[in-house]
Amino acid sequence: MSLHEREAAVRRMLEQAPPTVPPDLHGDVVRRGGRMLRRRRAARRLMWLVLFAAAVAFTVWAATARPWVEPPSQTTPPLTGW
């Protein structure tokens, strides 16, 4: 399609009357939109809950394991010069 043909096709589409919308479409759309918003909100809350649980688990692990402390030596140094 050339540029002129595309422009003509667009003009024809714009000159036509808009298609009719079914009368019960609004109710269906509102219902689906509400459902989508509820699912999105629930997913977001679940994500925050999992993130909070992971932060608490990490904090408890770090407080009990104390990974920043050097582990004690497994062998004793030789005692010389007594």
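I began with Val 21, which I found in the loop between α1 (3-15) and α2; helices here are DSSP runs of H or I with at least four residues, numbered from the N terminus. This is a predicted model, in which local features need pLDDT of at least 70 and side-chain atom pairs count only at pLDDT 80 or more, while totals for chains, interfaces and linings use all residues. Residues are numbered from 1 along each chain as its sequence is written, and side-chain values use heavy atoms, with hydrogens and water left out.

I noted that Val 21 counts as exposed at 58% relative accessibility (buried is under 20%, exposed over 50%, partly exposed in between, with a 1.4 Å probe and protein chains only).

Next I looked up α2, which has 41 residues and reaches 59 Å from its first C-alpha to its last, close to the 60 Å expected at 1.5 Å a residue (the expected span is 1.5 Å times one less than the number of residues). After α2 comes Arg 66, with a positive phi near 45°.

I then searched the whole structure for aromatic pairs and found 1. The ring centres of Phe 58 and Trp 61 are 5.8 Å apart and their planes stand at 40°, so I wrote the pair down as tilted (rings of Phe, Tyr and Trp, the last by its six-membered ring, pair if their centres lie within 6.5 Å; planes under 30 degrees apart are stacked, over 60 edge-to-face, the rest tilted). Both residues lie in α2 (residues 25-65), 3 residues apart, about one turn of the helix. Phe 58 is exposed at 52% relative accessible area, whereas Trp 61 is partly exposed at 44%.

How values were computed. Helix = DSSP H or I, 4+ residues; strand = E, 2+ residues; numbered from the N terminus.
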